[in-house]
Structure formats: structure tokens, C-alpha cells
Amino acid sequence: MEFVVKGRNAEVSDKFRAHVEEKLAKIELFAPRAQRVDVEVTHEPNPAQAEISEKIEITVRDKGPVVRAEAAASDRYGALDLATQKLVEQLRRAHERQKNHHKGNNKWERDGHSLDIEALLASLKAEEEEATARDETVPTEPGVAVETQLGDSPVTLRQKLYEAHPMTVDQAVYEMELVGHPFYLFIDSETMQPCAAYRRHGWTYGIIRLDATVNES
């Protein structure tokens, strides 16, 4: 398993790189097929955010869905500990679901398409000026953001179009667990309805379905 550690507005020492590899070695217990682990270290120079000035984002890549966790603290070692705890918990929950869900059924092991909300929000920052300058009110091209003002109010709406790949409810819940978010948007491959999966408590989940049929009067 390959480890790639890089810094954003931060220098990463060889000592910290070695610590990262030692700390994350345990993830092989829950992700034995993992081929690469990306670790990004970000430093926030604003003194007002000293308590969360060091941010760690860990991304595990294998043949299936991407698994990601992040955390921030006053020092990068503490942030790494918190991010690792989140990552291991996500992998553990996914491992337990896979082990107990229909023995002999390998449907979790097929390639998936995950919607990582935090990563997607972060990617929008780079498009700020371009989106503001656009005249469109609704995005029509995948990956392009459109930002508009709501009437005369100070409320700003930011919209972005993403490609959707139909999947089962089980696959959606599984991928939601992997990215560690409280909800997940998807299209049900059985009914082709737009749906939202969300975490309730423990191993309980909810599914919100939209009836996309429009009745013209």
C-alpha cells in the first residue's frame, strides 16, 4: 500500500511522513485491497483559528468507492489522531455491513461512484470568480457552478450539476458510510426515483424518495 503525504501551505517533515505511515498501517485490517492512501496537511495561518489551524484529510483509494475522513486541531499530530479515528470507524462499520450482509454476496465489491459532499464543497472555491460572472441561473453542464442572488435579498444561491449513476439502496448506504457523511443523494436503480439516504441512529437509516412525475394541469 502506497502512502502519499503532501502539504498545502505547510511543510511536511520526513519525521511526520514516517509517523503517518505508522499510524495508518492499521487500516489494512479493514481495507486489505487498498492500493493508495493520500494524506493532505493544510495549515490555516489565521491566528483567530489557532485551535483548528492544522487540518488533516485522509483518502483511501482501492478498486471500490473512495473512503475519506478529515479533522482539524491545534497541531497536526492531534489532527491526524482524530482523522484516523474517524477513518477507522468508517471502515469498521463498512466492514461489518459487508460481512453480515448476505453471506457470499459480493455486490459491495463492485466499482462505485461516491458523492463526497465536503470534497465537492472544497472544490467549489476554485470556481468562485467564474461562477459569479455567469449569467445563467441554472447549471446545465456537469461540474460547472452557477451562483445567483435571491431577488433583492442578501441570500446567495450556489448550484452545481453532478452526474448521477443509478445504484441500489444498499449500495448508497454503504457509500455514505465510506465517505462519513450524514446523508447521500442517489438514483434508485430499481425505481429510478431520486432519493436521499440519511443516518438516523446506530444502524438505523432513512430513505427519502421523490416522485419525479409532474402532473400538468
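1. Asp-38 counts as buried, at 11% relative accessibility; the term buried stands for under 20% relative accessible area, exposed for over 50%, and partly exposed for values in between (1.4 Å probe, protein chains only). The side chain of Asp-38 meets that of Arg-61 in a salt bridge, 2.8 Å from N to O, where a salt bridge is a side-chain nitrogen of Lys or Arg within 4 Å of a carboxyl oxygen of Asp or Glu. This pair links distant parts of the chain, with Arg-61 in strand β3 (residues 54–61) and Asp-38 in strand β2 (residues 36–43), 23 residues apart. Arg-61 is partly exposed at 35% relative accessibility.

2. The model is predicted: local features need pLDDT of at least 70, side-chain atom pairs count only at pLDDT 80 or more, and totals for chains, interfaces and linings use all residues. Residues are numbered from 1 along each chain as its sequence is written, and side-chain values use heavy atoms, with hydrogens and water left out.

3. Helices (H or I, at least four residues) and strands (E, at least two) are DSSP runs, numbered from the N terminus. By the salt-bridge rule, the count comes to eight. Lys-23 forms one with Asp-81, their closest N and O atoms being 3.0 Å apart. Because Lys-23 lies in helix α1 and Asp-81 in helix α2, the pair ties together parts that are 58 residues apart in sequence. Lys-23 is partly exposed, with a relative accessible area of 23%, and Asp-81 also counts as partly exposed, at 28%.

4. A further salt bridge joins the side chains of Asp-188 and Arg-209 (2.8 Å, N to O). Here too, distant parts of the chain are linked: Asp-188 is in the loop between β7 (183–187) and β8, and Arg-209 is in strand β9, 21 residues apart. Asp-188 is buried, with a relative accessible area of 2%, whereas Arg-209 is partly exposed at 38%. Elsewhere, salt bridges with shared partners join Arg-36, Asp-38 and Arg-61 into one network.

5. Arg-209 is also the bridge partner, in β9, of Cys-195. Strand β8 (residues 194–201) pairs with β9 in the antiparallel sense over six bridges; two strands pair if DSSP finds at least two bridges between them. The two strands form a hairpin with two residues between them, and Gly-202 in the turn has a positive phi of about 60°.

6. Ile-208 lies in strand β9 (residues 204–209) and is partly exposed, with a relative accessible area of 43%. Together with Phe-183, Leu-185, Tyr-198 and Leu-210, Ile-208 forms a nonpolar patch on the surface, with about 450 Å² of accessible area in total. Patches are made of residues with over 30% relative accessible area and no salt bridge, like charges being joined within 9 Å and nonpolar side chains (Val, Leu, Ile, Met, Phe, Trp, Tyr) within 5 Å. Accessible areas come from the Shrake-Rupley method with a 1.4 Å probe; for residues, only the protein chains shown count as cover.

7. A search of the whole structure finds one aromatic pair. Phe-16 and Tyr-77 form this pair, which is edge-to-face, with 5.1 Å centre to centre and 90° between the planes. Rings of Phe, Tyr and Trp (its six-membered ring) pair if their centres lie within 6.5 Å; planes under 30 degrees apart count as stacked, over 60 as edge-to-face and the rest as tilted. Phe-16 counts as buried at 1% relative accessibility, while Tyr-77 is partly exposed at 32%.
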